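Here's a quick tour for anyone meeting this structure for the first time. Have a look at it before reading on.

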Amino acid sequence: MDGRKLVSTVLYQLLRKKKSLRVFGEHRRFVVLTMLGLLPLITIGCQEQIPVALDDQAVPGVPVSVTVEIPWTSFGSNVEVFGGYGSAEEIGSGVLAEDFAGTLNARTLMRIGAYPRIATVRDTTGASRPDSTLTILGGRFVAFFDTIASTNTNPVRLALGATTEAWDMATTSWTYAVDTINDQRPWTEAGGGVVTPLGEAIWDPSLGDTAVFVLDSVQLAEWSDTTDLSIGARIDIIDPGHRLALNAALIRLDARPSSNPDTIIELTALTSGSTFIYSPFPEPPPDGVRIGGAPSWRTILDLQIPSVIDDVPELCAVVSCPHSLSPGEISYAALVLTSRTTELAFQPTDSIRLDVRPVLDRAVMPKSPLGVSLIANPFGRSVSPEAFGGSSGLEIEIPFTGYARDRLRGKDASGDPTPGTLALLSVIEPFSITFASFEGPSSAGEPFLRLIVTVGPPVELP
Amino acid sequence: MTRLWMTSARVAGFLLLALTSTATPAYTQSLFNAAGLGTPVDALDGRARALGSIGIGLTGGSMMQTDPGGLARLEISTGIMAASPSWIDYSASNSRSGTFKGNRFPLLGIAYPVLGGMAAIQISSVLDQTYEVTRIGETDLGDGPVRTSDAFTQDGSVSNVNLGFSRALTDWFATGLTVGRFAGNLDRTLVRAYGEEGVAGNVDTYVESGVWSWTGWSLTAGASADFESLRVAASVQVPSELSGTAAADTRGSDRSFSIPVQYRVGATAVLGPSIQVHGSAVFADWSKMQDDLSSGYAKSGSGYGMGIELSRARLLGKDAPLRFGFRQTGLPFAFEDESVKERILSGGLGLVLNETAGFVLAGVDLAIERGRRSSANLTENFWRATLSLQTSGF
């Protein structure tokens with residue numbers, strides 16, 4: 001019993017119950033004072049400190065920790081790559097490419113947002129007031145590029161056009177303007193259809209991140225109708241051999257207010273959405289692991305944690321082999337993937353962030369819901385882009401120790417069965433047109449399971 | 001007035017009973033807890049502590065399980081509770097030193113007149129087994145050496161729940177018998193952590209633990225005899241094996257330990273109206289347990305103690321007998337193959353809070369001890385206070 005609690009209970013009862021105090025009659029005050037005087041003695045001593053033994057020999061047994069690498073055939077099976085998760089629209093940025101890596105063509109489509117209809121201007125008397133009668137005289141289409149993610153280092157020529165066919169932001173592709181259920185309409189010309197040319201511009205990454213197209217008032221007037229689904233802007237790259245990452249775009253409008261016709265004011269209209277279309281669409285790899293892209297790719301695999309370990313000398317020196325592995329003996333578990341070179345057209349230019357989630361019902365793939373992430377870092381397992389280019393062949397570990405324990409146990413902490421299928425995917429889907437590639441089963445760098453197993457003799461009585 | 005006294009006394013009695021029923025097994029602290037089955041804890045009250053007693057042969061009644069014959073001398077219903085905080089500083093041969101402290105309740109008990117004698121229920125401490133230790137090492141996980149930290153914690157104790165009966169067969173001779181049951185648990189847990197301290201890594205901790213419950217029986221028989229100016233008492237405690245039964249999910253095995261028969265003798269001589277001299281001794285050969293141990297060494301746990309009580313002393317107008325004592329006992333378990341002695345100088349006083357017709361209805365006994373436990377590689381110096389509160393007549 002806690003010492004302070006005991007003493008306080010005694011004192012409380014003594015002080016509360018008058019009858020109890022009468023036990024001590026006229027000595028009541030003396031009893032209480034005595035107890036109070038002794039209270040500090042007990043209280044000071046009540047602070048518990050467990051003695052720390054000085055000799056390591058007081059530790060019973062010495063656990064042994066060994067690293068065990070389990071080959072793919074002993075733990076994995078049924079690798080399958082699924083694509084089509086999300087759409088390029090969800091990324092919110094664009095991609096431009098012209099014969100990049102000899103294959104990739106990509107164009108960005110944008111919807112134009114509503115123009116500002118009112119502006120506060122200074123009239124001829126010098127007073128500022130709202131003016132809703134604005135005359136648009138012209139403007140500029142300004143595109144902002146990601147200088148790091150774009151592959152060019154020299155100036156490139158760009159072309160801006162106005163779309164002329166109705167297209168659907170969420171489902172459009174290189175071939176189709178609209179690709180929804182019961183409504184599949186191909187472009188009259190693959191790659192965004194026929195566009196009305198609006199001009200060209202040059203983007204020189206050494207000078208900045210923007211490219212500017214000059215627009216006349218007629219075109220701007222046509223774009224002001226936001227209900228027309230054929231209205232939009234398409235940006236192409238003219239010079240071949242590059243892939244550009246377009247972050248955003250907007251329109252600078254030159255307008256004349258009626259309250260002060262001698263003045264030109266500049267207004268900004270934003271784009272209401274963007275997507276990109278590209279060709280060719282990559283085929284799923286027959287022998288590898290693919291993660292990422294837009295729409296995104298996921299790789300699904302079945303996994304079984306081996307319940308018996310044998311032929312590990314360090315381990316067998318401590319326990320009898322073959323050793324039946326228990327969940328608590330798994331100190332670390334990770335799926336180790338070996339990176340391989342992604343097709344050049346889709347090679348990452350920024351870090352790829354990998355995630356691993358249990359597949360709750362493999363039978364309904366590709367639509368199975370996924371469980372919570374097995375990676376502690378909410379931003380996933382970061383892999384540098386070089387791993388999929390010049391530095392391919394890197395071993396990338398994806399730790400999932402808790403899952404491995406549950407998988408071996410057959411159930412998680414809540415008592416629910418542990419799914420035996422995992423999905424490898426990007427933390428954010430989709431995140432980029434680029435994707436990560438890893439060696440698949442039956443290749444030199446096939447996935448393997450790395451376990452750190454700690455085994456010790458049972459703790460016995462002294 | 002008498003009814004009021006009785007009612008109030010019953011309240012106090014029930015309060016003490018409630019405290020007794022909620023108390024956990026008590027134990028004390030020492031670094032020697034890590035040796036063998038731990039450090040023995042004597043279930044003594046403040047008076048016995050102050051007199052350096054083994055717990056037998058003191059004048060008056062006794063609620064201590066070590067003195068069954070003294071139980072009959074209580075004559076009226078009695079409850080007792082002892083608290084024992086201690087402060088320990090240690091130094092080891094490897095230049096390590098430090099301090100720790102703790103508070104324990106080694107004795108809780110209540111006695112009531114039954115069948116012309118006294119029946120008692122006591123919860124007393126037997127062995128304190130709590131300690132922790134950390135071993136730092138290295139292991140190679142494939143990418144070079146990694147620091148490992150093996151933190152071992154042992155938490156538990158052996159206590160004894162006793163049911164005793166004692167009766168005065170004549171005016172000068174009383175005998176008693178106590179049946180005790182060993183109780184308590186021992187939780188031993190080893191946690192291996194990887195990497196530098198305070199740095200979170202990917203490698204999870206490894207935990208290996210086991211929980212054992214202690215069971216066993218003990219039978220203590222004793223007698224005390226009063227001669228003209230002399231009280232003599234003796235007792236023998238015959239225990240069964242102490243069995244540690246592993247919990248269902250414990251990988252470790254069940255074990256049994258042979259607790260030795262313990263003989264105790266004690267005597268108190270009244271040299272004058274205000275002076276009493278006390279001596280007592282215990283004989284127990286724990287070394288027979290050596291074969292049962294997988295670590296540590298079992299030694300003799302015999303010892304003796306002596307003291308003097310000046311019973312005429314007064315404090316704040318109350319009777320406050322002064323006591324002084326010396327005690328030396330052997331620790332039954334040691335790290336090395338050597339005997340470890342515990343030597344204590346003690347002093348204390350008693351305060352009679354209320355006394356009627358020669359019966360002490362409420363009293364407090366306080367003991368302060370300065371002691372040393374010393375082996376070749378480890379020395380512990382400690383201060384220990386023992387405060388026991390005794391109420392009677394409920």
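Is B:Ala234 buried, exposed or partly exposed?

## Ground rules

This is a predicted model, where local features need pLDDT of at least 70, side-chain atom pairs count only at pLDDT 80 or more, and totals for chains, interfaces and linings use all residues. Residues are numbered from 1 along each chain as its sequence is written, chains are lettered from A and ligands numbered from 1 in the order in which they are written, and side-chain values use heavy atoms, with hydrogens and water left out.

## B:Ala234

Back to that question: B:Ala234 is partly exposed, because its relative accessible area is 35% (buried is under 20%, exposed over 50%, partly exposed in between, using a 1.4 Å probe and protein chains only). You'll find B:Ala234 in strand β10 (residues 230–239) of chain B (strands are DSSP runs of E, at least two residues, numbered from the N terminus).

B:Gly57 is 177 residues away from B:Ala234 in sequence, yet their C-alpha atoms sit 7.3 Å apart. Setting aside neighbours within four places in sequence, the contacts of B:Ala234 include B:Ile56, B:Arg264 and B:Val265 (contact means heavy atoms within 4.5 Å).

## A:Pro205

Over in chain A, A:Pro205 lies in the loop between β11 (195–203) and β12 (210–216). A:Pro205 counts as buried because its relative accessible area is 18%. Beyond its neighbours within four places in sequence, A:Pro205 is in contact with A:Asn152, A:Thr153, A:Asn154 and A:Pro155. Between A:Pro205 and A:Val156 there are 8.8 Å, C-alpha to C-alpha, and the two are 49 residues apart in sequence.

Notes:
Helices (H or I, at least four residues) and strands (E, at least two) are DSSP runs, numbered from the N terminus.
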